[in-house]
Amino acid sequence: MDAVRAEALSGEVRCDLMCLLRRALSVLKTGAALALWWLVYRLLQPAVDFVTYRLLSLTPDTHLASSVSFFLFEVPKVLMLLVLVVFGVGVVRTFFTPERTRQILAGKRESVGNVLAAGLGIVTPFCSCSAVPLFLGFVETGIPLGVTFSFLIAAPMINEVALVLLFGMFGLKVAGLYLTTGLLIAILAGWTIGRLHLERHVEPWVYELQGQAGGDPAEERLDWSARLERGRIAVREIVGRVWLYVIAGIAVGAGIHGYVPEGLMASFMGKGVWWSVPLAVVLGIPMYSNAAGIIPVVQALLEKGAALGTVLAFMMSVIGLSLPETIILRKVLRWPLIAAFIGVVGTGILVVGFLFNLIF
Amino acid sequence: MKLQILGTGCPRCKQLLANVQQAVADMSGAVEIEKVEDIKEIMKFRVLATPALAVDGVVKAAGRVLSPDEIRKLLGK
């Protein structure tokens with residue numbers, strides 16, 4: 001009896017001594033890498049000061065020294081933060097597959113569903129090329145249209161790359177504000193779209209899929225070393241894709257930081273200029289792939305007197321409302337629904353922009 | 001054996017196709033590779049994320065780009 005049980009157990013766990021050792025080693029290596037990360041991060045500022053003022057012997061408080069030290073400090077800082085968070089999120093995401101998210105959302109009432117969908121949008125892996133299968137998969141299971149939209153709004157807008165850059169360059173307050181208002185927009189916009197009852201503007205064949213095929217694909221079972229490996233893959237993939245944009249963005253930002261006079265931006269991106277918010281939203285819609293590069297530029301603008309609300313609205317519009325995603329969604333949605341989507345989300349961003357200009 | 005790459009044509013889907021081709025390059029036996037780009041066809045596989053890889057009609061991975069090594073392991077080679 002015991003032998004049978006032992007066999008069943010080992011069959012289930014499928015891990016001998018060597019494999020256990022391998023897993024432990026993988027966890028240890030990750031720990032060591034984290035410790036090294038922390039050490040380098042702490043030594044960054046003194047190292048940059050040494051290079052700028054000793055090695056390059058630049059005079060402090062000049063335009064050049066200011067630009068150079070900004071660039072030398074921000075590039076490794078932002079890239080290091082990016083690696084850390086993308087790794088962390090990559091590991092967390094192994095717990096939130098789209099299939100599980102769909103299971104959680106299925107059968108939830110609308111209001112609760114909107115909140116859950118927006119929250120899950122942050123942690124569920126998503127790329128805009130998956131928007132259509134995800135949309136179809138959600139609608140197919142009977143998840144309400146508005147709840148599906150809450151997810152589709154939150155997933156791209158509140159992503160780890162944007163949050164890291166915001167935290168690294170603007171600090172905790174702005175990153176927190178972005179997260180909170182982004183969630184609110186996703187929840188309220190999704191809820192509004194649900195209230196508008198636009199189901200008839202979904203392409204008819206979408207609902208014909210309902211209940212057609214068999215069961216879901218089997219869920220993968222991962223151990224910790226596999227989850228850590230997924231984190232490393234995410235770092236390679238995501239940081240590999242955005243690092244150049246980040247460096248280019250910081251280079252432009254460094255130029256503005258050192259050379260553009262204080263207060264210049266106040267005249268056309270400042271609080272007093274009400275039309276700068278809608279303009280920022282409209283300008284942001286066609287921009288999409290350069291989100292990683294745009295934040296460092298925007299940071300420099302903010303520093304020179306641009307208003308926080310205007311800057312946030314611009315960012316949200318760039319990241320949350322994207323032309324490519326809209327074009328992809330056109331395969332399953334008709335224009336009135338796409339217009340409602342852009343209109344409702346755009347209005348939300350506009351309100352956020354005005355609100356922050358008013359408060360801060 | 002039939003390998004199907006499901007994806008509407010995003011860069012990640014093309015990467016998966018390239019990795020599959022690389023993985024089966026040195027494999028003997030008949031391997032058929034098909035790229036499924038029509039969204040209605042893709043939905044018949046019940047995937048929620050692309051790119052996805054199906055082996056003989058069964059989805060083995062969705063939403064991520066498998067490395068050539070992972071693909072070889074998956075195929076048991």
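1. Let's start with Pro51(B), which sits in the loop between helix H2 (39–43) and strand E3 (52–55) of chain B. Helices and strands here are DSSP runs numbered from the N terminus (H or I, at least four residues, for helices; E, at least two, for strands). The peptide bond leading from Thr50(B) into Pro51(B) is cis, with omega near 0°.

2. A word on the model before going on. It is predicted, so local features need pLDDT of at least 70 and side-chain atom pairs count only at pLDDT 80 or more, while totals for chains, interfaces and linings use all residues. Residues are numbered from 1 along each chain as its sequence is written, and chains are lettered from A and ligands numbered from 1 in the order in which they are written.

3. Two backbone spots deserve a look. Asp56(B), in the loop between E3 and strand E4 (58–62) of chain B, has a positive phi near 50° although it is not glycine. His197(A), in the loop between H9 and helix H10 (204–208) of chain A, likewise has a positive phi near 50° and is not glycine.

4. Are these two residues buried or exposed? Asp56(B) is exposed, with 10 other C-beta atoms within 10 Å, and His197(A) counts as exposed with 10 C-beta neighbours inside 10 Å. The scale: 20 or more other C-beta atoms within 10 Å is buried, 12 or fewer is exposed, in between is partly exposed, with C-beta atoms placed from the backbone.

5. In chain A, the axes of H8 (residues 160–170) and H9 (residues 172–195) come within 7 Å and cross at roughly 150°. Axes are lines fitted to C-alpha atoms, for helices over the stretch in contact, with angles from 0 to 180 degrees between N-to-C directions. H8(A) and H9(A) are therefore roughly antiparallel, the term for angles over 145 degrees. Among the residues making the contact are Phe167(A) of H8(A) and Tyr178(A) of H9(A). The contact residues divide into nine nonpolar, no polar and no charged.

Terms used: Angles under 35 degrees count as roughly parallel, over 145 as roughly antiparallel, 65 to 115 as roughly perpendicular and the rest as oblique. Two residues are in contact if their C-beta atoms, placed from the backbone, lie within 7 Å. Ala, Val, Leu, Ile, Met, Phe, Trp, Tyr, Cys and Pro count as nonpolar, Asp, Glu, Lys and Arg as charged, and the others, Gly among them, as polar.
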